[in-house]
Amino acid sequence: LTFANDGRTFYSCSDDGLVKSWKVYPGGNEDWATPHGPISTYRSTQNGSLKNIDYHRSQPQFATAGDTSVDIWDPERNAPIQSFTDHWGTTGDTSTVVRYNPAERNLLGQCSMDRGIGLFDTRSGSALQKTVLQMRSNCLEW
């Protein structure tokens with residue numbers, strides 16, 4: 001789960017490859033209550049399952065980590081606005097964690113099943129660097 005920067009919406013991702021957006025009931029105002037289900041549903045054509053999701057701190061966009069790619073989404077669109085596939089020259093490299101950097105806001109970090117930690121520049125749409133560790137990482141925090 002990740003919360004949008006408006007504080008009223010949160011997003012979930014799952015192994016079925018779906019991202020769903022939900023409204024949060026902020027207390028005292030029943031107009032914002034979620035009516036028994038998601039507000040929107042998104043599906044990537046490239047991903048099998050989605051492992052992780054993170055929302056950008058200042059822009060209306062979120063990133064997902066999945067079986068074959070790291071995708072960047074705009075909540076107003078049904079398809080990713082940017083995809084990083086085969087970013088390190090290996091196919092089928094599953095990304096397990098994705099995180100936006102809070103200070104360098106165009107920098108995106110990623111952990112993968114092959115013990116790698118990678119960095120992406122969302123401005124240029126390019127993979128910057130990957131480091132392979134001795135043990136696999138299952139979390140990434142800045």
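Predicted model: local features only at pLDDT ≥ 70, side-chain atom pairs only at ≥ 80, totals over all residues.
Residues are numbered from 1 along each chain as its sequence is written, and side-chain values use heavy atoms, with hydrogens and water left out.

I will start with the sheet. Strands β5, β6, β7 and β8 form, in that order, an open sheet of 4 strands with antiparallel pairing, where strands are DSSP runs of E with at least two residues, numbered from the N terminus, and two strands pair if DSSP finds at least two bridges between them. The edges are taken by β5 and β8 (82–85), each of which has a single partner strand, so one side of each is left without a neighbour in the sheet. On average, and with direction ignored, neighbouring strands here are turned by 15° against each other, the axes being lines fitted to C-alpha atoms and the angles running from 0 to 180 degrees between N-to-C directions. Between β5 and β6 the antiparallel pairing runs over 5 bridges, and I53 stands opposite T64 in β6.

Now to D54, which sits in strand β5, residues 50–55. A polar atom of the D54 side chain does lie 2.8 Å from the backbone nitrogen of Y100. Leaving aside neighbours within four places in sequence, D54 is in contact, that is, has heavy atoms within 4.5 Å, with T2, F62, A63, V98, R99 and Y100.

R99 itself forms a salt bridge with E141, the closest N and O atoms being 3.6 Å apart. That pair links distant parts of the chain, with R99 in strand β9 (residues 95–100) and E141 in the segment after β12 (126–132), 42 residues apart. R99 counts as buried at 17% relative accessibility, whereas E141 is exposed at 56%.

The structure holds 5 salt bridges, and D15, K51 and D67 are linked in a network of them. D15 and K51 meet at 3.8 Å, N to O, and this pair joins the loop between β2 (9–13) and β3 (18–23) to strand β5, 36 residues apart. For D67 and K51 the closest N and O atoms are 3.9 Å apart; D67 lies in the loop between β6 (62–66) and β7 (69–73), so the pair ties together parts that are 16 residues apart in sequence. D15 is exposed at 56%, while K51 is partly exposed at 36% and D67 is partly exposed at 22%.

Finally, a word on backbone geometry. Most residues other than glycine have a negative phi. R115, however, has a positive phi of about 75° although it is not a glycine. R115 is found in the loop between β10 (107–112) and β11 (116–121), and counts as partly exposed at 36% relative accessibility.

Definitions and conventions: Polar contact = N/O pair within 3.5 Å; in protein donor to acceptor, adjacent residues only side chain to side chain. Salt bridge = Lys/Arg side-chain N within 4 Å of Asp/Glu carboxyl O. Buried < 20%, exposed > 50% of the residue type's maximum accessible area, 1.4 Å probe, protein only.
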